[in-house]
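Thank you all for coming this morning. Please take a moment to look at the model on the screen before I walk you through a few parts of it.

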Amino acid sequence: MSLSSSGLSLPTSKRFTFDNICTIMLAFDPNCLPNKFTEFQEVAFEKAFNKMEDAILYRHFVPRSLWKLQKWLRIGSEKHSIVSQQIIDKFLHECISSNFDEQHSRVINCTQEDEPNINMLKALVEESGMEQIDYKFLRDTAINLLTAGRNTISAGLSWFFWLVSTHPKVEIKILEEIRANFNANEENWLISEVKNLNKLVYLHGAICEALRLFPPVPFEHKCAIKSDILPSGDCIGPNTMIYYSLYSMGRMEQIWGKDCLEFKPEKWISEKRSNIQIPSYKFIAFNAGPRSCLGKNLSFIQMKIVAIALLWNFHFQVVEGHSVCPSVSVILHMKHGLKVHVTKRSN
């Protein structure tokens, strides 16, 4: 996210989360965000992920035979998808090689004085006991985690900050909770007290409420392997594709009550001031049951840290007249980004 006179933009939040997930996943910072010495630059593999996202959306709305033909002929959106895939493959192959090839690791990643270069891919290999590096498996795993860690958190944070900035009472309660649970006068107070994140009951409720109203993945599809009967009583045959809207389900009165369209973090807080555990089949922003997102806890940690750091230091006010609406995409981004006036907060 960028803080400037023009505000906080969605593409910038994508760059931030992409840098973040690459560092966690690959121990590599692509430096998509500018610093005081550089300006915004186009990063090829970051742009390639955007192209892949567009191609995936296209595949949801056209017959499979059509997009497969386009892929074979290398035309249309599938042509861009193939080029993007090649860019991503090259990028990930270099990252995986630098992590697991001993010669590259010694030259590129560390010196004797450096701390061990730890990342999720290495942890995965060590945990699985993999004797020989399977580049295809690691590449596919990395693409899955990079896509999830970049786009979903970026979209979720954008909607969260918009909701908080338009609900001043919620913002005040979050700041009061931060003040009560963190010693903000110390240097690096947030990093040293990450363990206290679980104490931020109201912030957790606010994030869950934002994800309920604006789930980063607004719709999904499932395919039946064999004939089945849905809870509604409807029968479906084998290979039947079923689409369902997480966005709509999060706003249904029969599921969430008469105030289903209101942003109320209190929905997630019990009388004992603890977070209410909502069943995954009701709150499906992270999917449900055995298919629940493996990165759910990590996502909450990232979103809470970003929310605390920004809300504690800055006040955001949406630019008057700025249109906020969802984009048509497999990820629920803001169509026009989020433009805000940013002022330094004096705590």
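This is a predicted model: local features need pLDDT of at least 70, side-chain atom pairs count only at pLDDT 80 or more; totals for chains, interfaces and linings use all residues.

In which sense, left-handed or right-handed, does H3 pass H4? Residues are numbered from 1 along each chain as its sequence is written, and side-chain values use heavy atoms, with hydrogens and water left out.

Now to the answer: H3 passes H4 in a right-handed crossing, where right-handed means that the near helix is turned clockwise from the far one by less than a right angle, and left-handed that it is turned anticlockwise. Helix H3, residues 64-73, packs against H4 at an angle of about 55°, with the two axes 8 Å apart. Axes here are lines fitted to C-alpha atoms, for helices over the stretch in contact, and angles run from 0 to 180 degrees between N-to-C directions. That angle makes H3 oblique to H4, given that angles under 35 degrees count as roughly parallel, over 145 as roughly antiparallel, 65 to 115 as roughly perpendicular and the rest as oblique. In this pairing, Trp67, Gln70 and Lys71 of H3 meet Ser77, Glu78 and Ile82 of H4, contact meaning heavy atoms within 4.5 Å.

H4 also has H2 as a partner: the axes of helix H2, residues 44-61, and helix H4, residues 76-100, come within 8 Å and cross at roughly 140°. That makes H2 oblique to H4, and the crossing of these two helices is left-handed. Among the H2 residues that meet H4 are Phe45, Phe49 and Met52, and on the H4 side the residues include Ile87, Ile88 and Phe91.

Stepping back, the protein has 13 helices and 6 strands, which are DSSP runs numbered from the N terminus, with helices (H or I) of at least four residues and strands (E) of at least two. Buried residues make up 42% of the 347 residues, where buried means under 20% relative accessible area, exposed over 50% and partly exposed in between, with a 1.4 Å probe and protein chains only.

Not counting residues up to four places away in sequence, Leu211 touches several residues, including Phe283, Phe286 and Phe300.

Finally, let me set two single residues side by side. Is Cys260 buried or exposed? Cys260 is buried, with a relative accessible area of 5%, and is found in the loop between helix H12 and H13. Its contacts, leaving aside neighbours within four places in sequence, include Arg212, Leu213 and Gly250. Lys222, by contrast, lies in strand S1, residues 219-223, and counts as partly exposed because its relative accessibility is 31%. The C-alpha atoms of Lys222 and Met241 are separated by 5.8 Å, although these residues are 19 apart along the chain.
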